[in-house]
Amino acid sequence: MSSASQASFSQSVTDYIFEQYHNRCGICLRFRCPTNSVQATHLIDSTPAGARLLEMAVNLGLLTADYERDSTMNGMALCVDCHISYFAPKLIALSPPAPVLNYICNYLIDTPTANQIPLNQVFDLLRLAMTGDEVALPDPTPILPYLGLFTIVTLRPYDVLGCTILTNHLPELSHLQENCFSPAPHGTSPADQNVAQIFDVLAIAAGNPPISLGDIPLSPEQPQFQQQRYWRLPVAIEVVLAVLIERAGAGINEIPEIKTAKAIASIINLKSIDFKGFKSSADDGLPSVGPGGGGGSSGGPNGGGCGD
């Protein structure tokens with residue numbers, strides 16, 4: 001995300017982003033007071049580096065060449081602390097949830113190459129599936145609860161030792177049951193399987209929740225770091241994935257989301273050069289790597305997948 005956050009956004013685009021996020025930071029949910037405490041930031045930078053990232057995303061089939069970096073779909077509201085302290089210096093990054101990444105990776109492996117479509121079209125179909133439409137994809141039912149949600153991955157753990165992001169609106173626990181996230185029953189532990197905190201900037205204004213102070217740990221050595229957290233954000237999955245793939249070059253390979261993002265890029269690149277040593281498992285009748293094409297995970301939301 002660009003450090004020159006509003007360099008190429010028009011005033012109308014900036015105003016739209018603030019309205020969309022209800023004048024709050026999409027991560028810590030901080031309200032825009034004073035007015036310069038929250039900024040309209042770019043997902044893909046407005047810099048030459050951003051142009052190279054976009055070119056990479058187009059080559060991978062994640063985005064089309066007409067993607068506009070000065071449009072509302074490339075914007076996100078972030079407070080100065082989240083943006084300048086963590087996202088701009090590439091200490092952390094947004095990521096699609098592990099089940100979504102595994103689904104995409106397995107789609108590339110399990111679907112015969114001749115039947116595959118570019119990933120930007122796959123994500124278009126997944127958005128249709130969210131509305132209940134039947135789509136010509138491997139069964140997306142197991143990942144539907146995760147579409148529209150994102151998680152944060154730590155790219156440089158040693159640079160964020162002991163660091164936390166403070167929030168005034170720590171969410172109540174949610175529980176994944178019958179393929180839907182709903183409020184968790186009283187007594188549920190944050191460490192329980194299929195339990196998560198969902199930071200929802202879109203619901204803040206409608207619900208007007210009371211102040212609930214808390215923190216978001218960024219360092220793996222912190223005990224609460226392993227608890228699952230998601231952010232519901234009005235951004236496109238394919239844009240977040242493109243940025244993650246670019247950021248993954250500086251990330252730690254042991255992080256499952258980074259491993260799977262790298263695997264996705266590697267598979268596409270190998271296919272694009274017609275690498276003779278690579279074939280989809282469906283082409284050879286081989287088993288898939290990781291969980292099946294439906295994107296389910298082994299052992300919970302962050303289970304194993306293509307990057308393992």
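Tutor: Strand S4 (149-154), strand S9 (214-217), strand S10 (229-232) and helix H8 (256-272) each provide at least two lining residues of the largest pocket. Helices (H or I, at least four residues) and strands (E, at least two) are DSSP runs, numbered from the N terminus. A pocket is an open set of points on a 1 Å grid over the protein atoms alone, where a 1.4 Å probe fits, with protein on both sides within 12 Å along at least five of seven lines; lining residues have an atom within 4 Å of a point. This is a predicted model, in which local features need pLDDT of at least 70, side-chain atom pairs count only at pLDDT 80 or more, and totals for chains, interfaces and linings use all residues. Residues are numbered from 1 along each chain as its sequence is written, and side-chain values use heavy atoms, without hydrogens and water.

Student: Which element gives the most to that lining?

Tutor: S4 does, with 4 residues.

Student: And which residues lie nearest the centre of the largest pocket?

Tutor: Ile 152, Val 153, Phe 225, Gln 226 and Glu 257, out of 19 lining residues.

Student: Turning to helices, at what angle do H2 and H7 pack?

Tutor: Helix H2 (residues 48-59) and helix H7 (residues 237-247) pack at about 110°, with axes 10 Å apart. Axes are lines fitted to C-alpha atoms, for helices over the stretch in contact, and angles run from 0 to 180 degrees between N-to-C directions. H2 is therefore roughly perpendicular to H7 (65 to 115 degrees).

Student: Which residues of H2 make the contact?

Tutor: Leu 53, Met 56 and Ala 57, where contact means heavy atoms within 4.5 Å.

Definitions and conventions: Parallel < 35°, antiparallel > 145°, perpendicular 65-115°, else oblique.
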